[in-house]
Amino acid sequence: MTTQTPRSPDHSVPGLATLTRAASQLAPFVRETPVWEWRDDLLTERLGPSTEVILKLELLQHGGTFKARGAMMNHLALGAEELRRGVTAVSAGNHAAAVAYAARAVGTSAKVVMPRTANPARVALCRRYGATVVLTNDVAEAFALVKEIEQLEGRTFVHPFEGVMTATGTATLGLELLRQVEDLDAVVVPIGGGGLIGGVAAAVKQVRPQCLVLGVEPEGNDVIKRSVASGKPEQAGPIRTIADSLSPPFALPYSLSLIQRFVDDIVLVNDEALMESMYLLFDRMKLAVEPAGAATTAGLLGPLADRLRGRRVGLVVCGSNIDGPGFSEFIARGEDIFRGS
């Protein structure tokens, strides 16, 4: 993957003028989420005293996830007839919640399809935002059903991670972070389908091309890393990770193209590292995050530690949608891992 500015213009990549307009359009509908510096003995011990770690607290976004940015951008592009017919989406939860929020914000209806394994907190959140929730037995059935809803009801399908509008929305997070924190050496972003990192990386590299953009993907679904290696979108294999919101069934061309152009590297983390990082964020920073929200911390303290030691690093903390019992189980296991028991 390249660390350089793009060599030739590509009109499918939103330019800075487009991204600045998008940020203005989104301003009434999304929160400017805060940043917070993480300083304690743990980071000093593992990364050295000169490493600066700044958390981008996107878990405080509407719906508890960065997904509101891309979903809202898609909704703002709908015409009057499309708004009348409503929207539909398929998701393990975070994207569904974002679509439900965006639909309510623009005055349309949402019907979202979710697998029964989706976290109960996410299902409840979708319903609180007013969406009709349809549960299916598995992800394959969910994708088939959402196509049927799109065709039979005329609803506009809002993709969970693919497309120019989605990347334009997520890119506003990158612009916002660079405005809030000067002179970042690296931005670390979790990877699911690639919609977040593709947008963030496109923004960061256009504003600060020397800043590294590094992705963190779960070992239990490394479909994006494999797609980058093969040069084409790959299918996910058996998904074996607690980070269900980082577990797309496949990669797709547009998001992959942004990653290939703008992302410097992708590392993998296992579930033990995710649970330990959930515990550390809760214990040290008083943040309650889902597994995906802990991915960048796991990457920083694990495979990226040597590379980022002594650097000024921004970590995107992407989401917080998890039920109480599930969260308690993961942080209890995470504490055991941290203490070596």
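Is Glu 290 buried or exposed?

Analyst: Glu 290 counts as buried, at 0% relative accessibility, where buried means under 20% relative accessible area, exposed over 50% and partly exposed in between (1.4 Å probe, protein chains only). A word on the source: this is a predicted model, in which local features need pLDDT of at least 70 and side-chain atom pairs count only at pLDDT 80 or more, while totals for chains, interfaces and linings use all residues. Residues are numbered from 1 along each chain as its sequence is written, and side-chain values use heavy atoms, with hydrogens and water left out.

Glu 290 meets the side chain of Arg 122 in a salt bridge (2.9 Å, N to O), that is, a side-chain nitrogen of Lys or Arg within 4 Å of a carboxyl oxygen of Asp or Glu. Because Arg 122 lies in helix H6 (residues 120-128) and Glu 290 in the loop between H12 and helix H13 (295-301), the pair ties together parts 168 residues apart in sequence. Helices here are DSSP runs (H or I, at least four residues), strands likewise (E, at least two), numbered from the N terminus. Arg 122 is buried too, with a relative accessible area of 2%.

Asp 40 sits in the loop between strand S1 (35-38) and helix H2 (41-47), 244 residues from Arg 284. Asp 40 is buried at 17%, whereas Arg 284 is partly exposed at 26%. Arg 284 also pairs with Asp 41 (3.0 Å, N to O), an exposed residue at 55%. Asp 283 joins Asp 40, Asp 41 and Arg 284 in a network of salt bridges.
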